[in-house]
Amino acid sequence: GPLKGRVKVPGDKSISHRALMFGALAVGRTRISGLLMGEDVKATAAAMGALGAVITFGADDVTVDGVGVGGLLAPEAALDMGNSGTSTRLLLGLLSSHPLTATFIGDASLSRRPMGRVITPLEEIGARFEASEGGRLPLTMTGSHTPVPIDYRLPVASAQVKSAVLLAGLNTPGRTRVRETAPTRDHSERMLRRFGAELSVKTDGAETLIDLIGEVDLKPQELDIPGDISSAAFPIIAALLVPGSEITIEGVGLNPTRTGLLDALRLMGADVAVSERDTGPSEEPQGDIRVRAGELKGADIPAALAPRMIDEYPILMVAAALA
């Protein structure tokens, strides 16, 4: 029968990772509601605990008692990242400008994923790496005692590499700059501003310049993580395909760097409407998505949408198969 009603999806994974990391770098207690309780986010929480932050899981929220920028401690054991590439790459950046040594391990899948794209700019900052063949895990990193700010142009569109360089810049004196020629998800930039970092974004011709001034104290925050649009993709497409369906998904993150799937589905004739809530420039856009079933048609999906829907391709293929 048709799908009807209202539904919520779990918290955004990308934002959940960053909330834990920035909370650990703030001085004081950050309170987070809506945190995704998946294995990848738990790996980030465990790592931040091993680095000195105190993370407490309550019935309704999670609190993070941070140690301040530059206050992280060397872990006593290897940091097990499980299957989380985001945790690994962002933490490599975060720790690269701290004078400590840390070993990163992961499961078989993560250990096949190369880390060279992150290692290259972090070596310029002053960190040293001993990685397995091909720049893979297990990997041991020694952070720089005297990190230097860099001006780094991303060779490929990658929010993880961009974020790693910006996180390294937090404990680096002076201005760290990242240049990107194609837009990528900007969760790090928004949350850095929210926590009080001195960060600016401007356009220079075909490039976007993200500048971060290092060695600034971050202030603890009260955070409410919006629903993950990658999780929302599944009920969205289910409702489009089951005749007579109409559903509303509440409180979904609508960051424009993540909504490529909605644009692709509209090109296929989908009946999708968005009601966005008012948010400030440092906040994550969010709102409700209303979906009605209808006949989908084949369409040419432009390559420019790829960075904005990279995680949604598998479920999009289901819609394409039935269009």
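## A walk from the sheet to the helices

In this predicted model, begin with the open sheet: four strands lie in the order 5-6-8-7, and their pairing is mixed. Now colour strand 5 (79-80) and strand 7 (128-132), which stand at the edges; each has a single partner strand, so one side of each is left without a neighbour in the sheet.

For a closer look, pick Arg128 and find Thr142 of strand 8 standing opposite.

From helix 4, Arg117, Val118, Pro121, Leu122 and Ile125 meet Val161, Ala164, Val165 and Ala168 of helix 5. Sorted by class, this contact holds eight nonpolar residues, one charged residue and no polar ones.

Keep helix 5 on screen and bring in helix 6 (residues 187-194). Helix 5 and helix 6 pack at an angle of about 25 degrees, their axes 9 Å apart, which makes helix 5 roughly parallel to helix 6.

Which residues of helix 5 meet helix 6? Select Lys162, Ser163, Leu166 and Leu170, then look across to Ser188, Glu189 and Leu192 in helix 6. By class, the contact of helix 5 with helix 6 has three nonpolar, two polar and two charged residues.

Technical notes
Residues are numbered from 1 along each chain as its sequence is written. This is a predicted model: local features need pLDDT of at least 70, side-chain atom pairs count only at pLDDT 80 or more; totals for chains, interfaces and linings use all residues. Side-chain values use heavy atoms; hydrogens and water are left out. Two strands pair if DSSP finds at least two bridges between them. Helices (H or I, at least four residues) and strands (E, at least two) are DSSP runs, numbered from the N terminus. Contact means heavy atoms within 4.5 Å. Ala, Val, Leu, Ile, Met, Phe, Trp, Tyr, Cys and Pro count as nonpolar, Asp, Glu, Lys and Arg as charged, and the others, Gly among them, as polar. Axes are lines fitted to C-alpha atoms, for helices over the stretch in contact, and angles run from 0 to 180 degrees between N-to-C directions. Angles under 35 degrees count as roughly parallel, over 145 as roughly antiparallel, 65 to 115 as roughly perpendicular and the rest as oblique.
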